[in-house]
Each structure stands twice: as C-alpha cells, then as structure tokens.
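Here is a short tour of a helical protein model for your next look at the screen. Keep the viewer open as you read, and follow along one pair of elements at a time.

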Amino acid sequence: MLEFLETVHPGWFALLALAENILLVGVGALLGHVALRLPGAQRLTPDPGPVSGQELALVAGTTVLNTAVTVAGWWLWKAGAIVLTTDLGPATLAELVALVMVMDVLMYAGHATVHLRVLFPWVHRLHHVFADARPITLFALHPFEAIGFGAMWLLVLAAHPFSVWALAAYTALNLIFGILGHLGVEPLPPAVRGHAVFRWIATPTMHVGHHAEPRYNLGFYTTVWDRLFHTLEPGYDLRRTAPVPEPYRIAA
C-alpha cells in the first residue's frame with residue numbers, strides 16, 4: 001500500500017483523499033443514526049429537526065479542507081518530513097495510546113483557545129449554532145478550525161515515526177468519540193457509564209453538555225484536563241452515573 005501511495009499521481013491521490021473523507025462523513029452519519037436507535041438511549045437535548053443548508057455547507061467545506069490536509073500530509077510523507085511504518089505489534093498499541101493522549105491535551109488546549117472571548121465570536125461560535133446536535137455536527141466547523149486541527153495533526157505525525165495501523169485505529173476512535181459526542185443522546189447503559197473507568201474516559205454526555213453549557217467540558221477523549229483545570233461541568237458525574245440522565249436545558 002505504501003509503495004502504491006508513493007508512486008500514485010497527485011491528481012489521483014487527491015481524488016482518493018476526497019473519497020476517503022466523504023466516506024468518513026458517511027460512516028460517521030450512519031454510526032450516529034444507529035446509536036440514536038439503540039435500546040435505552042436517553043435524549044439529553046431536544047430533537048434538532050431537519051438539517052439546515054448552513055450545516056450541510058459547513059460539513060461540505062470541512063470535508064474539502066480535510067481532504068487538503070490529507071494531501072498535505074501525503075506531500076510531507078513523500079518529502080520525508082512524516083515517516084510511516086507498517087509495524088504491527090505491542091509497540092503499535094503504545095503508539096495508539098500516545099496519539100490519543102497527545103491529541104487529547106492538544107485538542108483541549110486548542111478548544112480552550114477558540115473559547116477565549118476575543119476568538120469565540122469569530123471562529124467557534126459557528127459550531128455552537130447547532131446546540132441540539134446531530135451526528136454530522138461533528139463536521140460543521142469554521143474553516144479556520146478545520147485547518148487548525150489539521151495542522152495540529154500533521155505536526156504530531158511529523159514529530160515521530162508512527163505505524164499506519166496506529167493511525168488507522170486513532171482515526172476510527174476519533175470518529176467514534178466525535179460522532180457519539182454530537183448525538184444529543186446518551187446511548188451507553190447506566191451500568192457502563194457508571195463504571196469507574198468512565199470517570200476518566202469521556203462519555204457522550206460530556207460533549208453534549210459542552211454544547212448545552214459551552215463554558216464546561218472542553219476535553220474530547222478524557223476528562224483529565226477538565227478536572228485539572230476546573231472546566232468540568234459541576235454536575236457531570238451525577239448526570240453520568242444517573243440511571244436516567246437529566247436532559248440539558250438549551251438556551252433559546
């Protein structure tokens with residue numbers, strides 16, 4: 001596969017990258033709609049109703065920009081700035097854990113930055129227009145955010161040689177966390193989300209709570225940084241462990 005990618009024409013690679021990113025949006029939307037229909041899923045925000053043209057336009061724009069980031073990563077790989085391996089073993093799992101933890105702290109920092117009063121109205125407010133989130137809301141981003149997160153990802157890849165298997169696993173985990181956090185429901189049963197491990201691993205409720213109360217729950221994969229910097233929603237643990245989570249009240 002790496003040999004093919006090294007010799008493929010740039011135009012064909014751009015088309016492959018676009019197809020990949022369209023597929024990710026489609027798989028994410030399908031995953032989200034399946035999760036919405038799981039038995040016992042508890043709605044935490046009102047049903048968002050029909051998708052708007054604005055949201056579809058933002059999703060399309062993010063898909064194109066994510067494609068550009070993929071192409072940029074390909075050029076950096078061909079130039080030797082990004083090194084990939086095909087290793088598969090215990091080290092691959094360690095790389096995956098490292099990717100999750102490094103991206104978790106960087107994404108928390110980036111998310112906290114776009115919530116600063118001077119930046120929020122110009123950049124991140126656009127994402128928060130969709131408080132009653134739906135699965136594709138994950139991709140409804142301001143162009144600057146899509147470019148910023150993409151650049152962050154490429155810098156991490158350039159910092160260390162990673163296995164393509166670790167990258168694939170991280171991509172899948174990132175999609176799952178992102179989609180589940182934008183459902184507007186809590187699909188996990190009480191016995192699962194009430195477990196001690198989910199004190200530290202973010203549940204879907206956590207990011208739903210961020211859309212309802214943007215001051216809180218800035219993390220993505222874990223609650224570590226929100227707990228450390230006191231940005232975790234005060235009632236989050238009670239809501240997370242409740243047999244029937246209390247719905248959020250979205251301001252009009």
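## H4 against H6

Helices here are DSSP runs of H or I with at least four residues, strands are E runs of at least two, and both are numbered from the N terminus. H4 covers residues 90-114 and H6 covers residues 143-159; their axes come within 11 Å and cross at roughly 150°. Axes are lines fitted to C-alpha atoms, for helices over the stretch in contact, with angles from 0 to 180 degrees between N-to-C directions. H4 and H6 are therefore roughly antiparallel to each other (over 145 degrees; under 35 is roughly parallel, 65 to 115 roughly perpendicular, and the rest oblique).

On the H4 side, the meeting residues are Leu-99, Val-102, Met-103, Leu-106, Met-107 and Val-114, and on the H6 side they are Glu-145, Phe-149, Met-152, Trp-153 and Val-156. Contact means heavy atoms within 4.5 Å. The residues of this contact of H4 with H6 divide into 10 nonpolar, no polar and 1 charged. Ala, Val, Leu, Ile, Met, Phe, Trp, Tyr, Cys and Pro count as nonpolar, Asp, Glu, Lys and Arg as charged, and the others, Gly among them, as polar.

## How to read the model

This is a predicted model, in which local features need pLDDT of at least 70 and side-chain atom pairs count only at pLDDT 80 or more, while totals for chains, interfaces and linings use all residues. Residues are numbered from 1 along each chain as its sequence is written, and side-chain values use heavy atoms, with hydrogens and water left out.

## H2 against H7

The axes of H2 and H7 come within 9 Å and cross at roughly 50°. That makes H2 oblique to H7. H2 passes H7 in a right-handed crossing. H2 contributes Leu-24, Val-27, Gly-28, Ala-29, Leu-31, Gly-32 and Ala-35 to the contact, and H7 contributes Thr-171, Leu-175, Ile-176, Ile-179 and Leu-180. By class, this contact of H2 with H7 has 9 nonpolar, 3 polar and no charged residues.

Ala-29 is worth a click. This residue of H2 (residues 10-36) is buried, with a relative accessible area of 16% (buried is under 20%, exposed over 50%, partly exposed in between, with a 1.4 Å probe and protein chains only). Ala-29 touches Pro-135, Ile-136 and Ile-179, leaving aside residues up to four places away in sequence.

How many of the residues of H9 are buried? The count is 9 of its 9 residues. Their partners are H4, helix H5 (125-128), helix H7 (164-181), strand S4 (185-186), helix H10 (224-228) and helix H11 (236-241).

His-207 belongs to H9 (residues 204-212) and is buried, with a relative accessible area of 10%. Beyond residues up to four places away in sequence, His-207 touches His-111, Gly-181, His-182, Gly-219 and Phe-220.

An unreviewed UniProt entry places "domain: Fatty acid hydroxylase" at residues 97-231. Over residues 97-231 the chain is 56% helix and 3% strand. UniProt positions follow the numbering used here, feature names are shortened, and annotations may be inferred rather than shown by experiment.

How values were computed
A crossing is left-handed if the near helix is turned anticlockwise from the far one by less than a right angle, and right-handed if clockwise.
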